[in-house]
Amino acid sequence: MKVAQAELLDVLTIGMFEQLPVNVRKATNLRNFSAVFCDQNTDLSQEAIITLRAAATHDLFPIYWFGENPPEFVDGAFPEVSHQFLHEATRDAYEKLSRIAKLGSTRPKEDREGLNVLGYLATRQCDAVPAWAPGSRSSVAYSRLRPDLASRSLLTQLYRQGLLERDYWRKTHLCGRCGSSRLNVAENCPECRSSDLQELDIVHHFSCGHQGPQDAFQLSAGGRMICPSCEQNLNHFGVDYDKPGRVEKCGNCHAVTESPDVYFECLDCAELTLSDEAPQRDWYHYRLSQAGREALLLGRLPVPGLENALGEFEPSKDYATFVALLDNGLSTAQRYGRPFSIAAVRINTGQDDLAQPVRFDSAMRETLIKLLRETLRDSDFLYAAGDQIVFAFPETDASEFDAIVRRIDDGLGKNLTGHPDYRFEDWSDRSVRDILREVRNVR
C-alpha cells in the first residue's frame, strides 16, 4: 500500500470531481483504490461499504465526504468540492494510510472482522461510543464506527477476549416478538388491555364508610356530591369526606383498577409486552485496550478461551457466582449427607501444521454448547476459563456422575473429530479450597 506523499494516491471518486490534486490518481473500475472521495448523493450503507471493501487495497480505507449531511463515520467532511478541501482530504488520507500501514500484516481469515474493528479504533484514534438512534430498530447505534464494523456482538466478543475495555452506558428494553427497541410505554387495563384509562380520585364518605371513584358520586343541584350508598350530601372536604387515593377507570370496558398493567407497545410490530417480561439489553462505551494494540501489531487475535465460547450459556457462571454456588452446594451436601460431584475437562489446544494454537472456532463452540444443553440438568452449573471447564453436579452420586461424563465424552468424541484432545478429571473428593486453587491457576 502506497502511503508516502511523494507517491500517487489512488482515489475512487464517486460524484463530480474534475480537478484533483497532482498527487492523486483517479482509480478506475473499482479496483485497487486506497481512499474514497464522494459527494452527498453517495450510498454509504453497510452493503455498499462491503462492496467497496472487496476492491480496496485495505479494508480500512478512509472516506471523505463533500456536501451536506455527512455521516458521522466519514474520515473528513467538507461543504463543497474545492481546491483547498481536496488538498485537505488528500493530506488526511496520507496520514490515515500511514497508520493503517503500521498494522500487522498476518491477518488470518477468521480474525479479519475483529482486527478491522480494533484497527479502525486505532487508526481513527477514537472509541466505540453508543448514541441514541431513533431510526434504528435497536434505538442505539455506534455511529462513529463505519456501518460494516458497528457490530454490538463483535464488540462484546472483543471485550471478553480482553482486547477492548468498556464502561456501562444505558439499558434498553426489547419487544417480546420482534426484538425492536422502538417502544411506547403505556398503562393498560388489566381486563381488556385498552390504554383508554382515566385517572379518578377515590372518595371516602366518613358517615357511612362508602368509598369509590368520584364519578360514581352524583351531583346535587347545588353542585355537591351525593353518596351513592346513603344518598347524603358531601358538603365539606375533611369533615364529610376525604380522597385517600386515585384509581384508573377503563373507557373501553369500564373496569376500575388501582394498578394498571404497564406494557411496552412495539412501534414496529404493535406487540404488547409486559414491562417486567420484556428482554433487556445493556450498551457499553468501548475503547482499545493494551492487549488490543498488541494484537494489531501481531496481526492476529489471541486464541479465545472457553470462557468466551460459553459466555452466553446459562449454566456457565462468572467466577464469583461459581464460587458462591460451589461453596453453598458442597456445604449443604456435607451437612445433610447428600451426593455432590465435581468434574474438570481440559481441552488440549495442541499445535497445527503451522505451529499455531488450534483455535476453538465457532463451529466447535456451537457443537459443545448444543451437547452440554442436551446433557446438563437445571441444577448443574460450570465455570470455564482458558482451556478448562469445571462442572458441578449437585445431587449426583458416583454412578450418575459416570453416566453424565460418558454422555459428554461420547458427544465430544463423535462431534469434535479432528479437533483438540481433551481429558476428564474427577474432583469430587477435593475440598473447595483445592478446587478453587486449580481454578485460579487457570484464570
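This briefing describes a sheet, the helices around it and one further helix in a predicted model. Residues are numbered from 1 along each chain as its sequence is written, and side-chain values use heavy atoms, with hydrogens and water left out. Because the model is predicted, local features need pLDDT of at least 70 and side-chain atom pairs count only at pLDDT 80 or more, while totals for chains, interfaces and linings use all residues. Helices (H or I, at least four residues) and strands (E, at least two) are DSSP runs, numbered from the N terminus.

**The sheet**

- Five strands form an open sheet in the order β2-β1-β3-β4-β5, with parallel pairing, where two strands pair if DSSP finds at least two bridges between them.
- The edge strands, each pairing on one side only, are β2 (24–26) and β5 (76–78).
- On average, neighbouring strands of this sheet are turned by 25° against each other, direction ignored; axes are lines fitted to C-alpha atoms, for helices over the stretch in contact, and angles run from 0 to 180 degrees between N-to-C directions.
- Helix α2 (residues 83–101) packs on the sheet and touches β1 (9–14), β2, β3 (35–39), β4 and β5, contact meaning heavy atoms within 4.5 Å.
- The direction of α2 makes about 165° with that of β4.

**Strand β3 and its partners**

- Four bridges join β1 to β3, and L12 has V36 as its bridge partner in β3.
- Four bridges also pair β3 with β4 in the parallel sense, and the bridge partner of C38 in β4 is W65.
- From β3 the chain crosses through helix α1 (residues 46–53) to β4 in a right-handed β-α-β crossover, that is, with the strands pointing away from the viewer, the path from the first strand over the helix to the second runs clockwise.
- Both faces of β3 are covered, with A35, F37 and D39 buried on one side and V36 and C38 buried on the other; buried means under 20% relative accessible area, exposed over 50%, and partly exposed in between (1.4 Å probe, protein chains only).
- Strand β4 (residues 63–66) is joined to β5 by three bridges, and F66 has F78 as its bridge partner in β5.

**Helix α7**

- The buried residues of α7 are Y319, F322, L326, G329, L330 and A333.
- These residues lie on the same side of α7 because they cover an arc of only 105° around the axis, the arc being that of the directions from the helix axis to the C-beta atoms.
- On the other side of α7, A320, N328, R335 and Y336 are exposed.
- Just after α7, G337 takes a positive phi of about 65°.
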